Amino acid sequence: MQIRKYTDRSLILLALVIGLLLGSCSEGQYEVGPTIKYKLGDNPEWSKVDFDDSDWSPYIDKSENDIFWVRTDMNFKNDWAHSKKLGIFLAVFGAYEAYWDGVLLGTNGEIGNEKNKSGEYHRFFLIPDSLSRKGPHTLSLRASQKHYLNQQTLQDFSIYNYFDLVRRPLRITLYINILAGAFLITAIYFLILYFNDRKSFPVLLFSISSFLFFLLITAEYIKFYVPFHYSNFYFRLEAISILTLLISFLIPLYFSVQFSLIWRKYLVPIYLTILLAIFYFNHDYGNYDEMTIYLTTSMWVSSVIIVGYGVIKRIKGAVVVFIGLLINVFTHYLMVNYDYSLVLSFIILLLCMFYILGIRIREQRKAYEYSLVQTTRLRHELLKKKIQPHFLMNTLTSLIDWVEESPKKGVQFIEALAGEFDLLNQIEDKQLIPIEQEIQLCKSHLNIMKYRKEIEYVWENENIEPTETIPPALIHTLLENGITHCLPQENGIIKFKLIYSTKPNSKIYRFLTSAKIRNSSMDIREGTGTKYVKARLSESYGSKWDFSSEAIDGGWEDLITIYTK
């Protein structure tokens with residue numbers, strides 16, 4: 001129920017973000033000239049709207065000490081004067097003075113002296129009403145560029161209502177910060193869940209993916225609320241590229257774990273090699289946008305293949321996740337802004353991951369609740385093994401005989417019976433007990449059976465580690481089976497031997513019964529005792545165990561293998 005509520009909140013947040021992205025403001029009605037032109041030198045006349053710049057070039061070879069001018073022309077289709085306060089947004093590599101139709105709008109940094117890296121990459125300037133009328137206009141920059149000389153100086157600009165231009169980043173960061181906070185809290189929450197139960201590797205993957213996505217959208221939109229110099233522009237893109245690489249690897253890895261992809265240990269390294277190759281070859285040329293497209297496309301294709309495998313195998317939740325991946329395609333092509341499209345695609349992917357994780361957590365909770373019922377049932381079964389009517393009746397009958405024939409041995413019989421019930425009372429509510437306590441229980445039971453059946457029982461153990469633990473009454477049950485289904489040897493003795501050994505990835509208990517099998521030709525069937533042993537092993541070790549029981553020369557062998565890895 002909590003997972004479902006959490007998913008509902010995430011869907012509401014997603015709807016808000018979609019509304020923001022689809023409802024972003026449109027640009028003003030104007031036409032930009034064919035090119036952005038450059039000229040080395042410094043002449044105030046170059047800022048005027050009627051200056052002839054026909055001999056200017058779309059590219060110049062500039063050095064870090066040069067002062068140069070940048071011009072671009074545009075034509076307003078409407079008269080903006082007195083209707084809106086017109087503004088211009090500039091993204092520039094360099095220090096500059098901005099002119100509009102020859103009028104200075106403002107300055108950014110110290111032209112020709114950029115040692116202190118003053119100025120910002122993004123700036124907003126207000127355009128006078130008198131220069132906002134319908135017709136041709138000119139944007140001119142007097143600039144210097146110390147860093148990234150091979151990059152275009154005027155990177156981007158936008159003209160619109162000044163207050164909308166200034167407020168738009170605030171509106172965007174409002175929702176982006178909410179989104180980032182949601183994923184940060186999600187990352188912390190699932191990280192805590194992982195540390196509480198370190199067996200759940202998908203929970204850790206989801207936590208890391210959520211945290212990386214938090215860092216990604218923070219790095220993507222930090223430009224709106226933290227002023228930075230243009231010389232730091234590519235550091236931000238570098239961080240975004242690395243985060244995209246990591247996310248592009250972790251999301252398919254997550255799906256491969258959740259949908260139990262065959263040959264995962266071979267396919268995952270191959271996929272990682274492909275991603276690193278994409279990162280390396282595009283990184284050298286600074287093709288950050290293309291690199292992001294290639295990485296996210298690889299992530300999407302590999303995720304579709306893995307989830308498609310889950311659909312074919314009819315794994316629960318695979319169909320919904322597959323539909324979510326297909327929705328990603330439509331959102332990518334429907335949205336014009338690539339940054340918004342990328343963020344929305346990652347949101348959908350993480351919600352798909354969240355959905356499948358919610359299903360797995362619900363299944364684990366059901367399994368846990370079932371295990372509680374199973375544990376209670378096993379406890380009752382353990383007690384029932386000792387208080388069932390035929391055991392009590394046979395034991396009491398034997399006790400009466402011993403009391404009548406030999407009161408002293410009758411007292412010893414009573415003490416042995418009391419000792420076994422006392423041990424059972426100590427262990428009945430525990431999942432694991434020390435192996436020495438289990439051996440003591442077995443010896444106590446043999447003392448009782450010695451009086452009941454008047455057979456000599458011998459107990460031996462070898463290489464026992466006192467610190468090892470085992471489910472209660474596990475060996476005891478095998479011992480009972482040996483007593484029930486075996487006859488003494490010619491010397492009137494039934495011998496039991498417990499041998500402990502280890503291998504690099506397992507612990508082995510070998511239990512030998514040296515006796516005659518009552519009916520060696522009878523088919524071996526799984527009785528109550530064997531079911532109890534398997535249930536106890538599943539409760540304590542999940543699927544990391546093996547159990548075999550078979551006749552051997554001279555008796556019977558039970559083999560319990562517990563895997564440690």
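Analyst: Happy to! A residue is called buried under 20% relative accessible area, exposed over 50%, and partly exposed in between, using a 1.4 Å probe and protein chains only. By that rule C486 is buried because its relative accessible area is 5%, and C442 is buried too, with a value of 0%. The structure holds 0 disulfides (cysteine sulfur pairs within 2.5 Å). Across the chain, buried residues make up 47% of the 565 residues.

This is a predicted model, where local features need pLDDT of at least 70, side-chain atom pairs count only at pLDDT 80 or more, and totals for chains, interfaces and linings use all residues. Residues are numbered from 1 along each chain as its sequence is written, and side-chain values use heavy atoms, leaving out hydrogens and water.

Now for the close look, at a hairpin. Strand 5 (residues 95-100) and strand 6 (residues 103-108) run antiparallel, joined by 5 bridges; strands pair if DSSP finds at least two bridges between them. Follow Y99 across to strand 6 and you reach its bridge partner, L104. Between the two strands of this hairpin sit 2 residues, and D101 takes a positive phi near 55 degrees. As a rule, side chains in a regular strand alternate between the two faces of the sheet.

Technical notes
Helices (H or I, at least four residues) and strands (E, at least two) are DSSP runs, numbered from the N terminus.
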